[in-house]
Amino acid sequence: MQEIIVAKHKAGQRFDKQLQKLLPEAERGFLYKMLRKKNITLNGKKAQGNEMVSLGDRVQFYFSEETFRKFGGRQDAYSVKNALRPYIEAYASLKEILVIYEDRNVIICSKPAGVLSQKAKEGDVSVNEWLTGYLLHTNQIDSEILASFKPSVCNRLDRNTSGLMLLGKTLSGSQHLSQWVKGRNIKKFYRLFALGKVTEPFHVRGYLSKNDKTNKVSVSDSHFSGSEFIETACTPLRVYGDISYLEVELITGKPHQIRAHLSALGHPLIGDYKYGRRDINEVFRRAFGVNGQLLHAYRLEFPRIVEEEYVDLNRAVFIAPEPEIFDKIKKTYKV
């Protein structure tokens with residue numbers, strides 16, 4: 001008989017899903033057959049498979065050790081090392097990622113511009129791989145844990161947008177962060193430079209639609225087929241000649257929302273070649289080395305949180321230092 005105790009990172013998942021991860025070489029029908037025959041039990045009792053497992057639950061397998069290894073698809077040390085290599089290399093290469101906050105379940109980090117949130121194709125290196133590499137480096141996970149649970153990012157930033165990201169270290173952390181983001185419970189504020197003089201705050205609504213072929217969105221004042229509601233609030237911080245330094249609250253979180261919404265209002269972001277003005281962008285590229293939109297996820301404000309496990313996040317506020325290029329522009333560009 002083999003026994004496994006449900007660890008924290010596995011708690012909160014369906015029992016049958018956990019079994020499929022524990023025994024990846026076993027057919028789904030075989031697992032349900034073993035449950036019916038009580039060859040697999042949960043806390044010593046017959047299970048259906050739809051139960052939600054909890055921390056400390058006992059899973060018993062009345063198999064021989066050989067059968068358990070066969071269905072578990074156990075890898076040799078060389079295979080394990082190769083499987084972990086991309087994470088280890090990502091952690092080593094993305095040294096500029098800054099951990100702003102960390103607890104048992106979540107990490108809040110600041111990523112630099114130029115780094116992907118999640119890889120788009122095989123061979124890409126992103127914050128997602130960095131996260132696993134970081135947890136391996138700090139001995140918070142191992143290959144056995146990774147066989148059944150993958151830590152993940154819970155919000156995305158464009159490659160050339162810098163700043164705060166939410167990362168789930170555990171299943172509970174990922175679920176809570178995703179729930180708060182989806183429910184718009186976490187307030188998200190960005191800082192940026194945009195073309196034109198903005199001297200008064202504004203709060204605008206509109207409708208956004210994405211063209212998957214061009215990976216570009218369009219914005220309208222009225223609803224149109226396939227469009228989604230968006231809401232953006234802006235506070236001017238300072239005017240520098242013909243550009244404005246702004247703080248924007250992303251009230252709804254749609255792809256390219258800030259970039260497209262401000263461009264539609266006549267204030268495209270400096271450095272944004274997709275929605276901005278190429279002539280202006282070229283001026284800033286030559287003068288300051290700007291190669292992407294000057295957009296920084298600056299501040300996150302958490303809601304009231306009552307769960308004891310997340311009490312440190314209760315009404316917490318996190319800030320990511322602005323990129324050096326922001327200070328350079330503020331110090332040298334004409335006012």
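Strand E8 (residues 187-195) and strand E12 run antiparallel and are joined by seven bridges, where two strands count as paired if DSSP finds at least two bridges between them, and where helices (H or I, at least four residues) and strands (E, at least two) are DSSP runs numbered from the N terminus. This is a predicted model, in which local features need pLDDT of at least 70 and side-chain atom pairs count only at pLDDT 80 or more, while totals for chains, interfaces and linings use all residues. Residues are numbered from 1 along each chain as its sequence is written, and side-chain values use heavy atoms, with hydrogens and water left out.

**Strand E12 and its partners**

- Strand E11 (residues 228-240) also runs antiparallel to E12, and eight bridges join the two.
- Ser-244 of E12 is the bridge partner of Ala-194 and also that of Val-239.
- The hairpin of E11 and E12 has two residues between the strands, and Gly-241 takes a positive phi near 60 degrees in it.
- Eight of the eight residues of E12 (residues 243-250) are buried, a term that means under 20% relative accessible area, with exposed meaning over 50% and partly exposed lying in between (1.4 Å probe, protein chains only).
- In a regular strand the side chains alternate between the two faces of the sheet.
- In E12, Ile-243, Tyr-245, Glu-247 and Glu-249 point one way, whereas Ser-244, Leu-246, Val-248 and Leu-250 point the other way, and all are buried.

- Apart from neighbours within four places in sequence, Leu-262 is in contact (heavy atoms within 4.5 Å) with Leu-192, Ala-194, Thr-232, Leu-246, Val-248, His-267, Pro-268 and Leu-269.

- Tyr-298, which lies in strand E13 (residues 295-301), is buried with a relative accessible area of 14%.
- Not counting residues up to four places away in sequence, Tyr-298 touches Leu-164, Phe-189, Tyr-190, Arg-191, Glu-247, Phe-318, Ile-319, Ala-320 and Glu-322.
- Ser-110, found in strand E5 (residues 106-111), is buried with a relative accessible area of 8%.
- With neighbours within four places in sequence left aside, the contacts of Ser-110 include Glu-96, Ile-97, Gly-163, Leu-164, His-296 and Ala-320.

**The three-stranded sheet**

- An open sheet of three strands has the order E1-E3-E2, with antiparallel pairing.
- Strand E1 (2-5) and strand E2 (40-42) stand at the edges, each with a single partner strand, so one side of each is left without a neighbour in the sheet.
- E1 is joined to strand E3 (residues 58-61) by four bridges, and Gln-60 in E3 is the bridge partner of Glu-3.
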